[in-house]
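Subject: Two-chain model, handover

Hello,

Here is the structure I said I would pass on. Please look through it alongside the notes below.

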Amino acid sequence: MELNPKSRQLFTSLIEEGVSRSADALGKMSRTEWGVISSSTNEIPAVRLLSWFHRDKTPHVAAGFESDKDFPLEVVLLFSEKGAKAVTEAVTKPFSERLRRMDDLVRLTIGEVSNIVAHSIIGALADKFDRTVILSVPDVRVGPKAEVLEKSLERYDGRNDAILLSHVEMFSENLAAECSMVLVVNEAALAELFERAGVL
Amino acid sequence: MSYRILIVDDSPVLRVMLSDMLQELGHQVVAEADSGAAALSAYPEHKPDLVCLDVSLPDISGLEVLPKLRRLDPRAKVLIVTGNDQKTLEAKVKSLGAIGVLHKPFDSLELGAMLAKVAPKAP
């Protein structure tokens with residue numbers, strides 16, 4: 001089952017609304033403005049996304065989330081190592097020494113920041129379907145982009161499943177940090193949700 | 001009014017941030033729990049005035065923890081503290097007995113305002 005053009009347009013606009021909420025949330029946490037450089041939603045095989053991401057071999061800190069079975073999707077946020085450190089410093093600065101002395105502070109902070117941003121991106125989508133979508137706790141990984149993303153695509157058949165991928169790039173000039181966000185939805189499952197909910 | 005508070009959140013970073021803000025507002029954090037099971041075991045031990053409960057937890061969700069806490073103590077005051085801003089969530093947790101929902105990210109002013117708002121409504 002595939003989304004019809006109107007459903008796909010609605011999905012894209014709901015994600016765009018979520019992207020705007022995400023940039024606001026990231027800005028509030030890091031106390032600086034984040035701009036959206038690019039945002040696109042396409043039906044592409046997972047292997048193509050991975051091959052695109054394979055070009056960047058530098059280490060990234062990524063946080064992956066999966067939703068409950070009723071509304072199957074994955075969200076992954078990726079920060080460069082330098083960007084992850086800058087975001088961590090900005091987010092934790094006003095708090096006590098107890099926080100700054102914490103082991104693995106960058107991973108833990110990126111996990112928490114990503115949790116809030118990931119919920120923001122799916123908020124408009126969940127509201128439209130009148131659903132409560134609860135994401136898992138963050139699975140934080142460190143490695144090259146393609147490697148950390150691969151795990152979130154494991155449940156899909158990379159070549160045969162029709163997958164909708166929303167890919168967002170955000171940047172903070174003040175922090176010199178960028179954030180990539182990838183939302184993965186199985187198109188057939190989404191089309192079923194649209195049909196059942198009678199949204200279009 | 002000063003509360004004795006139990007914080008339930010899987011993120012150690014959020015627990016410290018929330019704890020700092022609560023103490024700055026004059027409240028006492030009596031315990032922290034990183035999972036639903038830890039929360040259910042800490043509650044009877046500390047008998048807090050208020051529980052700040054996250055929804056996404058590693059074992060059972062906050063939506064399952066909430067009614068269990070209310071069964072342990074029907075007068076338990078539970079404030080949901082979550083990054084999930086979906087419209088249906090607020091109605092759902094209130095029907096389960098939560099006294100309010102505080103959306104992450106928040107600052108100590110917003111936290112203080114929320115505590116002031118929900119306190120008189122608490123059972």
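This is a predicted model: local features need pLDDT of at least 70, side-chain atom pairs count only at pLDDT 80 or more; totals for chains, interfaces and linings use all residues.

Interface

On chain A, 30 residues are in contact with 29 residues of chain B. Together the two chains bury about 2400 Å², and 61% of that lies on carbon and sulfur atoms. On the side of chain A, the residues that lose the most area to chain B are Phe95(A), Glu112(A) and Thr132(A), which together account for 23% of what that side buries.

Four salt bridges are found across the interface of chain A and chain B. One of the residue pairs joined by a salt bridge is Arg21(A) with Asp85(B), where the closest N and O atoms are 3.2 Å apart. Polar contacts across the interface of chain A and chain B come to 14 residue pairs, both residues being at pLDDT 80 or more.

Which elements of chain A supply at least two residues each to the side that touches chain B? They are the helices α1 (5-30), α3 (81-92), α4 (97-100) and α5 (105-128) of chain A. Of the elements of chain A, α5(A) gives the most to that side, with 11 residues. Sorted by class, the side of chain A that touches chain B holds 16 nonpolar residues, seven polar ones and seven charged ones.

Chain A sheet

Chain A has an open sheet of six strands with antiparallel pairing, in the order β1-β5-β6-β3-β2-β4. Its edges are β1 (35-43) and β4 (139-144) of chain A; each has a single partner strand, so one side of each is left without a neighbour in the sheet. On average, neighbouring strands of this sheet are turned by 20 degrees against each other, direction ignored.

Helix α7 (residues 187-197) of chain A lies across β1, β5 and β6 (177-186) of chain A, and it runs at about 70 degrees to β6(A).

Chain B sheet

In chain B there is an open sheet of five strands with parallel pairing, ordered β2-β1-β3-β4-β5. Its edge strands, β2 (28-33) and β5 (100-103) of chain B, each pair on one side only. Here neighbouring strands are turned by 25 degrees against each other on average, again with direction ignored.

Strand β1 (residues 4-8) of chain B runs parallel to β2(B) and is joined to it by five bridges. Leu6(B) stands opposite Ala31(B) in β2(B). Helix α1 (residues 12-24) of chain B packs on this sheet and touches β1, β2 and β3 (50-53) of chain B, with its direction at about 165 degrees to that of β2(B). Helix α4 (residues 87-95) of chain B lies across β4 (78-82) and β5 of chain B, running at about 145 degrees to β5(B).

Backbone details

Where in chain B is Pro105(B) found? Pro105(B) is in the loop between β5 and α5 (108-118) of chain B, and the peptide bond from Lys104(B) to Pro105(B) is cis, with omega near -5 degrees.

In chain A, Arg31(A) is in the loop between α1 and β1. Arg31(A) is not a glycine, yet it has a positive phi of about 55 degrees.

Regards

Note on methods. Residues are numbered from 1 along each chain as its sequence is written. Chains are lettered from A and ligands numbered from 1 in the order in which they are written. Side-chain values use heavy atoms; hydrogens and water are left out. Contact means heavy atoms within 4.5 Å. Buried area is the accessible area (1.4 Å probe) that two parts lose on being put together, summed over both. A salt bridge is a side-chain nitrogen of Lys or Arg within 4 Å of a carboxyl oxygen of Asp or Glu. A polar contact is a pair of N or O atoms within 3.5 Å; within protein, one must be able to donate a hydrogen and the other to accept it, and residues adjacent in sequence count only if both atoms are side-chain atoms. Helices (H or I, at least four residues) and strands (E, at least two) are DSSP runs, numbered from the N terminus. Ala, Val, Leu, Ile, Met, Phe, Trp, Tyr, Cys and Pro count as nonpolar, Asp, Glu, Lys and Arg as charged, and the others, Gly among them, as polar. Two strands pair if DSSP finds at least two bridges between them. Axes are lines fitted to C-alpha atoms, for helices over the stretch in contact, and angles run from 0 to 180 degrees between N-to-C directions.
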